[in-house]
Each structure stands twice: as structure tokens, then as C-alpha cells.
Amino acid sequence: MAYTPNPAMNPIRVIKTNEVIALKTQVVVIGGGPSGLLLSQLLHRQGIESVVLERKTRDYVVGRIRAGILETGTVNLMRQAGISERMDRECLVHDGIVISHADEQFSINLKALSGSNVVVYGQTELTRDLYDVREAANGQLLFNVENVQILDADTDHPRVSYEQNGKTSHIDCDFVAGCDGFHGVSRQAIPLNVRREYEKIYPFGWLGVLSETPPVNDELIYASSPRGFALCSMRNENLSRYYIQCSLSDSPGDWSDAAFWQELKRRIPTDAAESLITGPSIEKSIAPLRSFITEPMRWGRLFLCGDAAHIVPPTGAKGLNTAAGDIHYLYNGLAQFYTTGDTDGIDHYSEKALSRAWKAVRFSWSLTSLLHRFPDQSEFDLKMQIAEIAFLKSSRHAQSMLAENYVGLPY
Ligand code: APR
Ligand code: PHB
């Protein structure tokens, strides 16, 4: 790409007419979720201006209950972005996880096998921290935007238009970061004859419950059982997060708290079931499971990040962490461009991000296939699952492979 940075361009300039507001900035970030906010904050720390366009409100975005496991790479990005103080104070460091099948259980020592670990810190908290730091820096965060359109992404002068409070605005920029999730507009801006999409829909969902109760175990329990998968997780010492595999035809209203706790107890090891402290659900929701990835993750001056480019089943806790890898690559590519004019980083963004994302898609698919009951699986399929779990229990090498993927592959 033969172009030079426009350092002289006023990062933000507003030209108002009676109908249209014209803005200029360096990077337009579409989507104010974890990906968009983390990128905006990292760019800000490098003196690179951005405008974040979010279709919902801050409270709506922060209120979404999502997963809570951070890889070391994600933690390091938070530190680099200057938003790790509360996380360092409140997070739980986990050196291992438990895998169980019926009443058999074993721990996988992530730290001993991979030299690394994971951190338990809710995505809700991470997103709240990101908003706090962006607003403290007077970041350009626009909420309730509608009809976002990406224009001329395949030229040297991309533009983004949007509507807010009945006014239409256009933003001239150098680059567009599509951080608007699976249902956003960014991926659709890449022409169908350029885009290749890969998808697997799983024949079940996860019913999740948040309860103000102490976690049943110090480490997460990933439970495979004849009745289906279950996961015992947490947010802190008095906030637990539990999931059970459920039918796609279920809705949260079909499950009373009592029915949920009874089913969870039937899927986790007996000692955990007997010590489980139940309580009223403060949140109850069902998420469908899919694996999805789109190639390429770049088109001209548009870069896709996070859920806009890939979706994984939550089994491997890779959603946010794979998004963090994308943000690492894109931030470093943009920082390199604006400081040196070198385009090597952004020119190799899609290749690097996809390489890591495909490995996360594989790991999440593999763990989902191992631990869940599939409606159409044969007795042979079931025996294969049981044999693989038995091998995982017995093999340090197999456990090392799981640990290496779970703590996060290097950027
Ligand atoms: N215009 C503006 N904003 C949009 C648009 C649009 N057309 N479409 C979607 N958005 C916003 C959504 O409201 C949301 O706040 O983009 C944001 C996308 O955020 P996420 O879906 O959280 O995706 P991402 O930031 O990549 O974070 C990935 O979050 O959803 C979890 O499981 C996911 O853990 C993963 C992580
Ligand atoms: C969670 O705590 O929400 C969680 C933890 C691990 C997973 C998925 C979800 O694999």
C-alpha cells in the first residue's frame, strides 16, 4: 500500500451544515464492545485519534453478561492500555481446571504444564473499566448511532456515515476498524466475491445462571455427563456462574431455579453436587453455540476484529481472548504506520489474526465436541468421547496440549 500517514490531519474537526455534520479522524471504530474499546484506548495511548460508534447505550453494552476467563495475553494488553488496576485488585488467578466425566474427575495443572495460567475477571467488569478509562480521557464515544455505512473502504479515503438524533454525519478517516460483532455491518462491507465464510452450528445451547453464592470449587469444573455438559465457573468469592447444555428449543422461562440446580447437580461430580450452595438466579439466559470465521479480515482500509470476524462456542473461553489477539495485531500495525509510515503490520494483519483465530476455533470446537452430548451421536461416538477423556486423564502430553491452548497461544 503506497501511502503516507497524514499526521498533519487534524484528528477531530467538525464542519457543521444545517443537515450534515462532517468529521475527520484517524481511525473510525465501529462497535463499542471490548474489541472496539480496547483498540480505541491503545490507539489513544499512542496519540492516535479514534471515534467509536456504538449503536446501543453504554449501560446496555456493560450490562451484557459474558464470559470471565482472561488469557495472559489479554491481561498484558489491559496493562498496556493502562486499565489493569481494578483487575489486578479483584481478579482470581487460576493455575488449573477440572475435567469430569460422570463421577470421575481430574485436574489439569495449567501452570505446571504450560508455564502460564488464566485470570478470572468478568467481561462485564473489563468492559466497564474500558468505558471508564475512555471517558476519563474524553474519548470520542458516540452512542445510539444508527444506519452506519462504510464508504470507499477500498480507497485511500474511506468514510463512515451514521445517523444520530435525526442528524446524518460523515467521518473522513484513514482506517475503519470493524469491531461491531457478529451482527454488525462491517463484515457485510466486504464484497461477497471477496469474502469466504466458514460455519458450524451446534445442535444445543448453554443455559447460564448467575447467582450470588460461593463457587462450588476453587477451579472451574468442565463436566461431561450422560445427561449433557455442565460448567461450574465464577466471578468472585460470592458470585458464581453455572451453565448446563440445553436444547435449542428451550427458553430461560422453561427453567425454574430449582429445575436448573437439580439438573446441574445431576451432571457434576457427586462431591461437588453435595457441596453446591444454590441461591436465586440474578441472571438467566440461553446462548446458542456456533463456530464461525470469515476470511479475509481486511479489505482495503477496513479491518475486522473480534466477533465481527469470528465466533467460537464458549467451551474454550476463547471469544474475548481471540478478539484481544486481533486487537494486538491491528493496534501494532496502526501504531507502526503512524510512527514510521511502514505498512508491514497492517498488510499482514489478516494473515496473522486468522492464523491465531483458526487455532482458537479448532480448540473450541474440539473441547465442545469432546464434552457435549450430541442428539444424533451413536454408541460408538459416545465410546470415542469416553476414551478420549480417559486418555486426557492419563496423558501428560494430552494435558499439555489442552493447557497450551487454554492459557492462550502466543501472539
Ligand atoms: N453500529 C454500531 N455499533 C454496532 C453495530 C452497528 N451497526 N452493530 C453492532 N454494534 C455494536 C454492538 O452493540 C456491540 O456493543 O458493536 C459491539 C460489538 O461488541 P461484541 O459483540 O461484544 O464484540 P467484540 O467487541 O468483538 O467482543 C467480543 O464479546 O460478545 C462477546 O463473546 C464475545 O467474548 C467475545 C467478545
Ligand atoms: C464463564 O465464567 O462465563 C465461563 C468460563 C469458562 C468458559 C465459558 C464461560 O469456558
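How many nonpolar, polar and charged residues does the shell around ligand 1 have? By class, this shell has 8 nonpolar, 8 polar and 7 charged residues (Ala, Val, Leu, Ile, Met, Phe, Trp, Tyr, Cys and Pro count as nonpolar, Asp, Glu, Lys and Arg as charged, and the others, Gly among them, as polar).

The model is predicted: local features need pLDDT of at least 70, side-chain atom pairs count only at pLDDT 80 or more, and totals for chains, interfaces and linings use all residues. Residues are numbered from 1 along each chain as its sequence is written, chains are lettered from A and ligands numbered from 1 in the order in which they are written, and side-chain values use heavy atoms, without hydrogens and water.

**View 1. Polar side chains at ligand 1.** Ser35 and Glu54 are among the nearest of the 23 residues around ligand 1 (a heavy atom within 4 Å). A polar side-chain atom lies 2.7 Å from a ligand oxygen atom in Ser35 and 2.7 Å from one in Glu54. For Gln123, a side-chain N or O atom is 2.9 Å from an oxygen atom of ligand 1. Taken alone, ligand 1 exposes 700 Å², of which the protein buries 90% (Shrake-Rupley method, 1.4 Å probe).

**View 2. Contacts of ligand 2.** An oxygen atom of ligand 2 is 2.8 Å from a side-chain N or O atom of Tyr222. A polar side-chain atom of Ser233 lies 2.6 Å from an oxygen atom of ligand 2, and a backbone N or O atom of Pro314 lies 2.8 Å from one. Ligand 2 alone exposes 280 Å², and the protein buries 100% of that.

Note on methods: Polar contact = N/O pair within 3.5 Å; in protein donor to acceptor, adjacent residues only side chain to side chain.
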